Amino acid sequence: MGCGSSVAIDTRRLTPEVTAKIPSPALTMKAAILIQRWYRRYIARLEMRQRYTWNIFQSIEYAGEQDQLQLSSFFSFMLDNFTQLSGNGPDLISHLLDPVVNPQTDRARLTNHEQIIVPESYNGPRLTFPLTVSQTDALLTAFKNQQQLHGRFVLQLLQETKKLLRQMPNVVYFSTPYAKEITICGDLHGRLDDLLLIFYKNGLPSAETPYVFNGDFVDRGKKSVEILILLFAYLLLYPDHMHLNRGNHEDHIMNLRYGFTKEVMQKYKTHGRDILKLIQEVFSLLPLATVIDNKVLVVHGGISDVTDLDFLRSIERHKVKSAMRFPRCTPEHTQVARSSRAPLWSRPESPLCDSRRSEGKTTKKRHCHITRQGSGSSSSSSSSSLMCSPRGSLHPCLTPHPCPSASMPSLTDAFQAPFLDSFSALLVPLPSREEVEWKQVVDLLWSDPKSQPGCRPNTFRGGGCYFGPDVTRRLLEKHALSLLIRSHECKREGYELCHDGQVITIFSASNYYEEGSNRGAYIKLGQELVPRFFQYQVSHTTRKLTLMQRVRVGEGSAVRALQEKLFAHRSELMAAFQHYDTSNSGCISVSEWAVVVESVLRMDLPWRTLRPRLARLAPDGMVEYQSCFEDMGPGQPIPQVSPNFAETLYRYRTDLEIIFNIIDKDHSGQISTEEFRQTWRLFSAHLGVEVDNKAIDDLARTMDFNKDGSIDFNEFLEAFRVVHKLDSKDQQEC
C-alpha cells in the first residue's frame with residue numbers, strides 16, 4: 001500500500017455501536033477547520049512575540065550607538081577644551097583619538113616587524129610576502145583549530161595591506177567576469193563561523209569566485225581578529241577579485257565599546273598596541289564604495305540627498321580616522337559669541353539659507369566643489385550627516401541641521417557649552433572642505449533607508465540620515481545606476497528589498513542578537529545583474545529546538561536586557577510613576593505605566609504587550625509599578641554611595657569602562673585615585689549629572705582597598721553591573 005492509498009470500509013459489516021462512533025464528514029471537516037484556526041492563531045502569537053523581541057534587540061542596539069556618540073562627544077570636549085586632564089601630564093586620551101604620527105617610514109616599520117623574534121615553540125602559520133595559496137589555506141586550517149597567528153606576522157600582514165590600500169581609489173569600479181558571478185556579503189561582526197560557512201558553500205576567494213565584503217568585519221563577535229586576517233590575506237592574494245568596503249565599525253572609537261580593541265589586547269598582549277595603531281590606519285584606507293558593471297552601487301550604510309560619487313572620488317579618505325570624530329576646528333574657524341545672536345540659517349550668506357530656496361535651484365557650497373539640489377520637501381533639506389545624541393549635544397563645528405525630535409533643542413549659530421564654567425557659546429562657522437568630506441563619509445557609513453520620501457537626520461541611531469525612495473531614485477538616475485546594495489541593518493531573513501526593489505539590504509552574521517534570532521545571507525550577481533539570495537544559519541543547537549523553544553530563548557534574552565534598562569533608570573521611572581500615583585497606592589493604570597516607560601526610555605516599543613513580562617498586575621487590574629525592579633539587583637555589594645550616584649554608575653558603566661581602559665595604558669587594571677576623581681568629574685559635568693565632589697572623593701577612598709593610591713577599576717565596575725536575582729540564586733545553588 002503506497003502513499004496516498006485509501007481503504008474502503010464496508011459499513012454493512014459493522015455493528016450499530018461501531019457505526020455510531022464513526023464521525024460524519026461534516027463533523028470531521030469542522031474539527032479540521034477548528035484545528036487549523038487554532039494553529040494559525042498559535043503561529044500568529046509566536047510571530048508577534050518574535051517581532052517584539054526583534055524590536056527590543058534593535059532598539060537596545062541603536063540606543064548603544066547613541067550612547068557611543070555621546071561618549072565620542074565627551075572625548076571631543078576633552079580634546080578641544082583641555083590640554084591636560086590633571087595638570088601634571090598630557091591628555092590621557094589624545095594619544096588614542098588623535099595619535100601622533102610616527103616619523104618612521106613604512107620601510108623602517110616593516111624592518112622593525114621583521115626583527116620580532118618568533119619562538120621555536122610557535123607551531124602556527126608562518127607568512128612570507130607575497131602570499132601564496134598554501135599560506136592562506138594554512139591560515140584557514142589554523143583558525144579552524146583555534147590557533148592564533150603570531151604578532152609578527154599580523155603586523156607584517158597589516159603593513160602589506162596598508163601599502164596595497166594606499167594605491168586603491170575611494171570608489172572601486174570593476175566588471176563581473178564573463179560567465180561568472182560575484183558574491184556580495186554583508187556584516188560579519190566577528191563571527192568566524194559565518195565566514196567559514198560562506199566559503200564552504202560558495203567557494204574560497206579566487207579569480208573564479210570574486211567577492212565584495214561590505215564592511216563591519218569586526219566588533220561584537222569573538223573572532224574579529226581572525227576575520228580581518230583572512231580578509232586581508234585574500235585581498236593581498238587576489239587584489240583584483242577581492243574587494244573590501246569600509247563599514248561604520250571600521251572605526252577605532254566604535255571598537256572601544258563593542259569589543260574589538262579588547263579582543264586585540266587580550267590576544268596580543270605584547271604587540272597589541274602596535275597592532276591597533278596599524279589597524280586604525282588600515283581602516284581609514286579602506287575604500288568607501290564599490291560599483292559593479294557601472295550599474296550596481298555597493299556601500300555599507302546608505303546615501304543622503306547630498307551624496308555625490310564624483311566628489312567622493314576626490315576626497316582624502318585616510319584623514320577620516322573615525323566617522324565619530326568631527327574634524328577639529330581651528331582657532332580662526334571658532335569664535336566665542338553670545339548665545340542670543342541670530343540663527344545661522346537666517347543670515348543671507350549662509351549655505352543653509354540658500355538650501356531653503358525654491359525647488360530646482362542649485363547653489364554652490366562655500367569651501368567645496370559640489371552642488372546640492374534644493375528639495376521640494378522640507379524634510380529633505382540639508383539633513384545629511386547630523387550626529388544627534390539622545391541628549392541633544394552636538395559638536396560645536398556641526399552645521400546646524402534641525403533634528404525632528406522632541407528631545408533635540410533648536411539650534412542657533414552659537415553652540416551652547418553648558419559644561420564650561422561660564423555659559424558661553426561657540427560660533428558655528430561655515431563648513432570647510434574637511435567637514436564636507438567628513439559628512440559625505442558619515443552618510444555612506446551610517447544611513448538607513450525608510451519608506452517615507454525625503455531625507456532627514458537618523459535620530460534613532462544618532463548618525464547619518466534616513467533616505468527615502470525619491471533620494472534613491474535621484475542618485476541612481478544621476479549616475480546611471482540601477483541598484484543600491486547596502487548592509488548595516490540586521491534582517492531576520494538575512495536580506496530585505498525596499499524602495500521598489502532599488503535598494504537591497506544584505507546581512508551575513510546569523511544569530512546576531514541571540515541563538516536563532518536571524519539568518520545570514522549573501523548575494524550572487526551574474527552578467528544580467530539579477531540578484532540571487534542564499535541564506536544560512538550557523539548553529540549547533542537551533543535545529544534541535546522547536547519553534548516555541550527558539551522563540552522563548554530569544555524572548556527571554558530580550559526581556560532581560562530590557563529589565564536592565566529599567567533598573568538603570570529606576571529613579572526617573574519612580575518619580576514619573578509617583579506623579580501619576582496621587583494616592584500613594586503603589587499602582588497606576590496600564591496606559592499610564594506604558595506612557596511613563598516610553599517617556600523615560602524612548603525606545604518606541606509596544607509596552608502594553610510587554611507589560612506581562614515586566615510588571616505585575618494588582619487584583620483590580622492596576623500595575624504595581626515597583627514590581628518592574630524586583631528581579632534585578634547589583635552584581636556585588638556596592639560601596640556606600642547615594643542612590644542617585646549609584647544609579648548613574650549603573651547607567652554609564654560601559655562608558656566608564658571605556659574611559660578607564662584608555663587611561664590604563666599598561667593594562668594593569670589599576671588607575672590612580674586622582675585619575676579616577678578627575679575623569680569622573682569631567683564625565684559627570686559633560687552629562688549634566690549633579691554629583692557632589694565629596695561623594696566622588698569618598699567613593700575613591702572606599703575603592704582604594706589597600707590604600708596604595710590606586711583603584712582596581714574592573715572590581716569597581718563589577719559592583720555596578722546589573723544582574724538578575726534568579727540567575728544569582730541559580731549560581732549559588734550550583
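How do S16 and strand S17 pair, parallel or antiparallel, and over how many bridges? I looked this up first. S16 and strand S17 (residues 503-506) are antiparallel, with 4 bridges. Two strands count as paired if DSSP finds at least two bridges between them. Helices (H or I, at least four residues) and strands (E, at least two) are DSSP runs, numbered from the N terminus.

I noted the ground rules next. The model is predicted, so local features need pLDDT of at least 70 and side-chain atom pairs count only at pLDDT 80 or more, while totals for chains, interfaces and linings use all residues. Residues are numbered from 1 along each chain as its sequence is written, and side-chain values use heavy atoms, with hydrogens and water left out.

**Entry: the hairpin**

I checked the facing residues. Tyr495 stands opposite Ile506 in S17. Between the strands of this hairpin sit 4 residues. There His499 has a positive phi near 55 degrees.

**Entry: the second largest pocket**

S16 came up again here. I found that helix H2 (25-81), strand S12 (448-449) and strand S16 (495-498) each give two or more residues to the lining of the second largest pocket. H2 gives the most, with 6 residues. The pocket holds about 740 Å³ of space. Its lining has 31 residues, and the closest to the centre are Asn55, Gln58, Lys450, Glu489 and Lys491. I sorted the lining by class: 10 nonpolar, 8 polar and 13 charged residues. Ala, Val, Leu, Ile, Met, Phe, Trp, Tyr, Cys and Pro count as nonpolar, Asp, Glu, Lys and Arg as charged, and the others, Gly among them, as polar.

For the method, I wrote down that a pocket is an open set of points on a 1 Å grid over the protein atoms alone, where a 1.4 Å probe fits, with protein on both sides within 12 Å along at least five of seven lines; lining residues have an atom within 4 Å of a point. Grid points are joined across faces, edges and corners, and the volume is the space filled by probe spheres set on the points.

**Entry: the open sheet**

I then traced a sheet of 5 strands. Its order is S4-S3-S2-S18-S19, and the pairing is mixed. Strand S4 (242-244) and strand S19 (532-536) are the edges, each pairing on one side only. S3 (residues 211-213) runs parallel to S4, joined by 3 bridges. Phe213 of this pair stands opposite Leu244 in S4.

**Entry: the annotation**

The unreviewed UniProt entry carries "domain: EF-hand" over residues 568-603, 651-686 and 691-726. Such annotations may be inferred rather than shown by experiment; positions follow the numbering used here, and feature names are shortened. I looked at residues 568-603: the chain is 67% helix and 6% strand there, and the end C-alpha atoms are 14 Å apart.
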